[in-house]
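Please keep the view open as you read.

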Amino acid sequence: MNDKNKQEKTFVSNAAHELRTPIAVILGHSKLIQRRGQDHPEIVTKSVNFITDEATRMQQLVNQLLILSRADRATSERTYINLSNLVFESVEEQRALLIQKNQCHRCFGRNRTCQRR
């Protein structure tokens, strides 16, 4: 099994574990309300709050999983960049700026003003 498959299995396992916890809390509190809600109305509000918090947590986890899924499916476009042209253009732009500042590229760093004037 290659590394990518191992990583995917680990990821799925972790995601399942992260979803299992809030599901267990939701089921536990809903069963508590069913069993004791009529006799102890004070637990209903508290349990509903727990259920809402855990459902929100699950929603965030699922949204994060969807974002990761979309990112994984996205394909990156590769384009050819001619670095020689890019470097040449950058050098020419800098050379023009130096000349505008009364400095030529041969004199830059030696004196503040151009020696060739």
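Buried means under 20% relative accessible area, exposed means over 50%, and partly exposed is in between (1.4 Å probe, protein chains only). This is a predicted model, in which local features need pLDDT of at least 70, side-chain atom pairs count only at pLDDT 80 or more, and totals for chains, interfaces and linings use all residues. Residues are numbered from 1 along each chain as its sequence is written, and side-chain values use heavy atoms, with hydrogens and water left out.

Let's start with helix 1, residues 3-36 (helices are DSSP runs of H or I, at least four residues, numbered from the N terminus).

Setting aside residues up to four places away in sequence, His29 touches Ser47, Phe50 and Ile51 (contact means heavy atoms within 4.5 Å).

Next comes helix 2, which covers residues 42-73 and includes Leu68. Glu54 also lies in helix 2. With a relative accessible area of 14%, Glu54 is buried. Apart from neighbours within four places in sequence, Glu54 is in contact with Pro22, Val25 and Ile26.

And Leu68? Its relative accessible area is 47%, so Leu68 is partly exposed.

Conventions: Helix = DSSP H or I, 4+ residues; strand = E, 2+ residues; numbered from the N terminus.
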